[in-house]
Amino acid sequence: MENLCILPWIHLEADANGKAKPCCLYEENIGDLNTQSLSEVWHSKKLEKLRSDFLSGKKPSPCSKCWNLEDSGNVSKRINDLERFDHIKHRVNQEIKPPAYLDLKLGRVCNLKCRICNSRSSSKWVEDELKLYGEPLADNSVGYWIADNMPVWNELIEILPYIEFLDFSGGEPLLIKKHFDFLKIAIEKGYSKNISLHYNTNGTIMPTEKMFEIWSNFKYVEIMISADGIGKRFEYLRHPATWRKFVEIFTEFKSQPNLHVTICHSVNALNVYYLDEFIDWFKNHDITDDDLFLNVVHSPNYYNITNLPYSLKKEIAKKVVNKNAEKIINFMFSSSASNLDQLLEKTKQLDAIRNEDFSRCFYELHRLLLECKKT
C-alpha cells in the first residue's frame, strides 16, 4: 500500500462552516455536520469508498495537493501523518472505530482579514468582499456553526475515550469559547491526560490565566502561531494585526513551560521573496527548524507561487538560499503557469479598500513584478 493515507481510518475534519472532510487538504466535502451526525459522516459511503481506494493502491484525485507536493520532492501531509500516527496504523486492517483525531474549525469568527483568506474562514472579510464583489463569498452569515449544534458536542463527549488528538482552529479558535466547556468535560471525566491538543491561532489574542490552567491538564499542547511576514509586511498580510502586539503574545506563549510553540508560515506570491528574513527572525527567537512549518498556499491560484512568472522565480531562487526553503523553491518551479495580471489587479483593488500600499511594504518585489509585466 505504497500510496496509503492513514487519515480516513482515524481522522475527520470540520471546516469553518461545518462541512466535513477526511482531511483539511481534501478537495471535496464528504458530509455536513449541520445536518448529519458525526457518526453518519464517519460511516458514509463516500468515506468508505475513499478507504477502499487507498487499500487498492489508488491515488484519489481529491488528494491532489499531497500528490503534487510529493511529486516536487516535498514531504506531504500524507507522509507526515503516516509517521505521526504510526502507533495506530493497525486500524487500517480493523473494524472501523470512532475517530482518534479530530480537526475542528469551530467557526468563521475572527479578528483578522488576512490577504490569503476570505469570508469562508473569517467573518472579518465580509466587509471587504461586499466592496469587492457586492456580496460575501461565505455560504451563510453564521459565525459559530458549532455553537448551537449540541448533537455534535454530545457525540464528541461520547467518543472521548477514543480521542487522542484534537486540532482547534477557526476563524480564530481563542475567540470561540464554547470549546473550552468541552475541554473541561474531558478533564472532569479523566480523559484529558490521554489527549494532545493543537491550536492554529493568529497570535493576536492573549490567553487568560484560565485558558492556561485548562491546557495544563492535557497530555501535550502545541500552539501553532500563524505569521506570514515580519514587521510591516506582517501587518500588511494579516490586517489589522500589529507586529508589536504579535511579538508580545508570541513571547508570552514561549514563556509557558507546558506549551510547545510552533510557527506556521503560509508561503504565497506576496511573501516568498522574503522567506529568508522570516526564517532568520524566528530562528533568532528560539524557533527551531522542526518547529517552523512552511505551508504553501494553493488557492486562490494567483497567490500560488507556481503561478509566478519564470523570470521572477529565478530572482527568488537567487535570493532565498536558506536550506529550510529548498523544497519550497523546488515546488515553485514545479509548474510553468503564470497569473501575474490577476495578482496585481487583486492586490491593487484590496489596497484601495484598505488604504494600503503594496509597493511601499514590498518595494523590491513590487519592482520585480512590474519588470515582469513589461516583458
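Colleague: Which residues of helix H3 (residues 45-55) are buried?
Modeller: Buried means under 20% relative accessible area, exposed over 50%, and partly exposed in between (1.4 Å probe, protein chains only). Helices (H or I, at least four residues) and strands (E, at least two) are DSSP runs, numbered from the N terminus. In H3 the buried residues are Leu47, Leu50, Arg51, Asp53 and Phe54.

Colleague: What kind of model is this, and from which number does residue numbering start?
Modeller: This is a predicted model: local features need pLDDT of at least 70, side-chain atom pairs count only at pLDDT 80 or more, and totals for chains, interfaces and linings use all residues. Side-chain values use heavy atoms, with hydrogens and water left out, and residues along each chain, as its sequence is written, are numbered from 1.

Colleague: Which residues of helix H7 (residues 150-158) are buried, and how wide is their arc?
Modeller: Val152, Trp153, Glu155 and Leu156 are the buried ones. The face turned away from them carries the exposed residues Pro151 and Glu158. Seen down the axis, the buried residues line one face of H7, because they fall within an arc of 160°.

Colleague: What covers the buried residues of H7?
Modeller: H2 is among the covering elements. The cover also includes strand E4 (101-105) and helix H8 (178-188).

Colleague: At what angle do H7 and H8 pack?
Modeller: Two packed helices are described by the angle between their axes and the distance between the axes. Axes are lines fitted to C-alpha atoms, for helices over the stretch in contact, and angles run from 0 to 180 degrees between N-to-C directions. Angles under 35 degrees count as roughly parallel, over 145 as roughly antiparallel, 65 to 115 as roughly perpendicular and the rest as oblique. H7 and H8 are therefore roughly parallel, with axes 10 Å apart and an angle of about 25°.

Colleague: Which hand does the crossing of H7 and H8 have?
Modeller: A crossing is left-handed if the near helix is turned anticlockwise from the far one by less than a right angle, and right-handed if clockwise. The crossing of H7 and H8 is right-handed.

Colleague: At what angle do H17 and helix H15 (residues 340-354) cross?
Modeller: Their axes come within 11 Å, and the crossing is left-handed. Leu340, Asp341, Leu343 and Leu344 of H15 make the contact with Leu369, Cys372 and Lys373 of H17. The two helices are therefore oblique, at roughly 135°.

Colleague: How many disulfides does the structure hold?
Modeller: A disulfide is a pair of cysteine sulfur atoms within 2.5 Å. The closest cysteine sulfur to that of Cys114 is in Cys117, 6.1 Å away and too far for a bond. Cys114 is buried at 9% relative accessibility, whereas Cys117 is partly exposed at 24%. The search of the whole structure gives a count of zero.

Colleague: What is omega for the peptide bond from His239 to Pro240?
Modeller: Most residues other than glycine have a negative phi, and most peptide bonds are trans. Pro240 is in the loop between helix H10 (231-237) and helix H11 (243-255). The bond joining His239 and Pro240 is cis, with omega about 0°.

Colleague: What is omega between Gly170 and Gly171?
Modeller: Gly171 is in the loop between strand E5 (165-169) and H8. The bond from Gly170 is cis, with omega near 15°.

Colleague: What is phi at Asn355?
Modeller: Asn355 sits in the loop between H15 and helix H16 (358-361). Asn355 is exposed at 73% relative accessibility. Although not a glycine, Asn355 has a positive phi of about 55°.

Technical notes. The arc is that of the directions from the helix axis to the C-beta atoms. Contact means heavy atoms within 4.5 Å.
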